[in-house]
Amino acid sequence: MSVTTPQKTIAAEASISGRGLFTGIETTLTFKPAPVGHGVVFVRTDLARPVRIPALVQHVTKRPRRTAIRNGADSIETIEHCMAAVAGLGIDNIEIHVNGAELPGLDGSCFPFVELLQQTGLTDQPAEKQFLTITEPLEVRDGSTTLIAAPPNADEFQIIYDLDYGDVDPIRQQLFSYTLGGTFPKEIAPARTFATLAEAEMLRARGLGTHLQPGDVLVIDTTGPIGTTFRFPDECVRHKILDLIGDLYLLGCPIKGKIVAYKSGHSLNHAMVRKLTQMLQAQRRHKLTLGEPVMDVKRILRLMPHRYPMLLVDRVIEMDGDKKALGIKNVTMNEPFFQGHYPGLPVMPGVLVVEAMAQLSGLLLSRKLEHSGKIPLLLSLDKVKLRRPVVPGDQLILESENIRVKARTGHVRCRAYVGDQIAAEAEIKFMLVDNELGN
């Protein structure tokens, strides 16, 4: 009997206040419980209407020396320490309200967040925790900085970080290996964000962190910390691991694997999360192909006018309302187009890959149009890219995402995958016409 790990949320609401590390603006942050499958979502409550921003890498906006997420023109700054606290305690579902544009900086670590969440208490939820298990090595580089993800040695998440400040006293080079677990509140959470004196003066010259006094954060000159003392002899590398744990949780789920970092910062962390997101999506698509279909071919035939040889969706494996659909087209040597495309080198015509995506999109739009008496007809194609050939034996996993549906038009974004590789992508517009076909 396999042992599963339940999802977790917090037992009650809890709030904490403080000034932002960079802006110095006083804000209050409130943690709230959230239901199964909710994930980590930030909410700006100081605006005319609350703005929700899921803590996922696709919402990251570029900032120096910190992690920020954005929805339209509205952003939330410096979320990495809070994210590290949530990840370090294994919280899957939580809503985080903040009444300003930057989270409280507190002491520059994530320990105040961890302490508050522990006092609030955690509660198990009736659903299984989802993980990404890294199955193959991934690497991102930027000059000499490197970040590598590799399969786990055991059923765990390990980080090995090599921080190298060269001959800068007293930081120099620090190496630390940490396996995420129950020691997080003591070994990682108290480590504070840091800067050399030269870096701190540069930030102040740009108007950032001007409210901070010596000892408020870890500012280091050649003799050591100014106005404070180290909490650990290797506090700097521990904080880098803290940041990395927070940034990697922008994947949307915990990781089983090994991460090796050399001088990595936020931008490289985000680049790795984007690669890991592709791996996670491929694993989820594959898992869906093994389950029962949402629509089998008999139901598809009832909804669509297409017939052999032009029906190019074998089954629908996921349908998220009228927002998103996943389908399958199994490509076999028996396809009639392989007789002439091409003899001796069978390749599925790219226009038919696009047609398969369009057909799945029609099924998606049918959820919206079910009681409207209309059907979608292809109107236009945009941003079409054919990225790899599709050959006999391939299984095309089709994805369609609703961008907008109006009274007379529908607009979707599509991709077709073979394994974890994108075979084709396009944006497709449909004209919605009265259903007179087959009547």
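**Helix packing and local backbone features**

Beyond its neighbours within four places in sequence, Val260 is in contact with Thr146, Leu147, Ile148 and Ile160. The model is predicted. Val260 sits in strand S19, residues 255-262. Leu147 lies 113 residues away from Val260 in sequence, yet the two C-alpha atoms are 5.9 Å apart in space. Val260 has a relative accessibility of 33%, so it counts as partly exposed.

Of the contacts with a separation of 6 or more, 70% join residues 24 or more positions apart. The protein chain holds 8 helices and 25 strands. Its C-alpha trace spans about 80 × 50 × 50 Å along the principal axes. The chain has 439 residues, and 49% of them are buried.

Helix H5 covers residues 235-248. It has 14 residues, which at 1.5 Å a residue should span 20 Å. The C-alpha atoms at its ends are 20 Å apart, in agreement with that expectation. Of the 14 residues of H5, 13 are buried, so the helix is largely enclosed by the rest of the structure.

Two helix partners of H5 are described here. Two packed helices are described by the angle between their axes and the distance between the axes. The axes of H1 and H5 come within 7 Å and cross at roughly 80°. An angle from 65 to 115 degrees counts as roughly perpendicular, and H1 and H5 are therefore roughly perpendicular to each other. From H1, the contact draws on Glu80, His81, Met83, Ala84 and Ala87. From H5, it draws on His239, Leu242, Asp243, Ile245, Gly246 and Asp247. By class, the residues of this contact are 5 nonpolar, 3 polar and 3 charged.

The other partner is helix H6, residues 266-289. The axes of H5 and H6 come within 9 Å, at a crossing angle of roughly 35°. This crossing is right-handed. H5 contributes Asp243, Leu244, Asp247 and Leu248 to the contact. H6 contributes His266, Asn269, His270, Met272, Val273 and Leu276. These residues divide into 5 nonpolar, 3 polar and 2 charged. Asp243 and Asp247 of H5 take part in the contact with H1 and in the contact with H6.

H1, residues 80-88, also packs against H2. The angle is about 40°, and the axes are 8 Å apart. H1 and H2 are therefore oblique to each other. Their crossing is right-handed. His81, Cys82, Ala85 and Val86 of H1 meet Phe113, Val114 and Leu117 of H2. This contact has 6 nonpolar residues, 1 polar residue and no charged residues.

Helix H2 covers residues 111-120. Just after H2, Gly121 takes a positive phi of about 95°.

Several backbone features lie in loops. Most residues other than glycine have a negative phi, and most peptide bonds are trans. Thr78 is not a glycine, yet its phi is positive, about 60°. It lies in the loop between strand S8 (74-76) and H1. The relative accessible area of Thr78 is 7%, and Thr78 is therefore buried. Arg65 is not a glycine either, and its phi is about 65°. Arg65 is placed in the loop between strand S6 (60-61) and strand S7 (68-71). With a relative accessibility of 36%, Arg65 counts as partly exposed.

Cis peptide bonds were found at two prolines, Pro170 and Pro309. The bond joining Asp169 and Pro170 has an omega of about -5°. Pro170 lies in the loop between strand S14 (157-164) and strand S15 (173-179). The bond from Tyr308 to Pro309 has an omega near 5°. Pro309 is in the loop between helix H7 (297-303) and strand S20 (315-320).

Key
Residues numbered from 1 in each chain as written. Predicted model: local features only at pLDDT ≥ 70, side-chain atom pairs only at ≥ 80, totals over all residues. Heavy atoms only, no water. Helix = DSSP H or I, 4+ residues; strand = E, 2+ residues; numbered from the N terminus. Expected span 1.5 Å × (residues − 1). Buried < 20%, exposed > 50% of the residue type's maximum accessible area, 1.4 Å probe, protein only. Axes fitted to C-alpha atoms, helices over the stretch in contact; angles between N-to-C directions. Parallel < 35°, antiparallel > 145°, perpendicular 65-115°, else oblique. Left-handed = near helix turned anticlockwise from the far one by under 90°. Contact = heavy atoms within 4.5 Å. Nonpolar A, V, L, I, M, F, W, Y, C, P; charged D, E, K, R; others polar.
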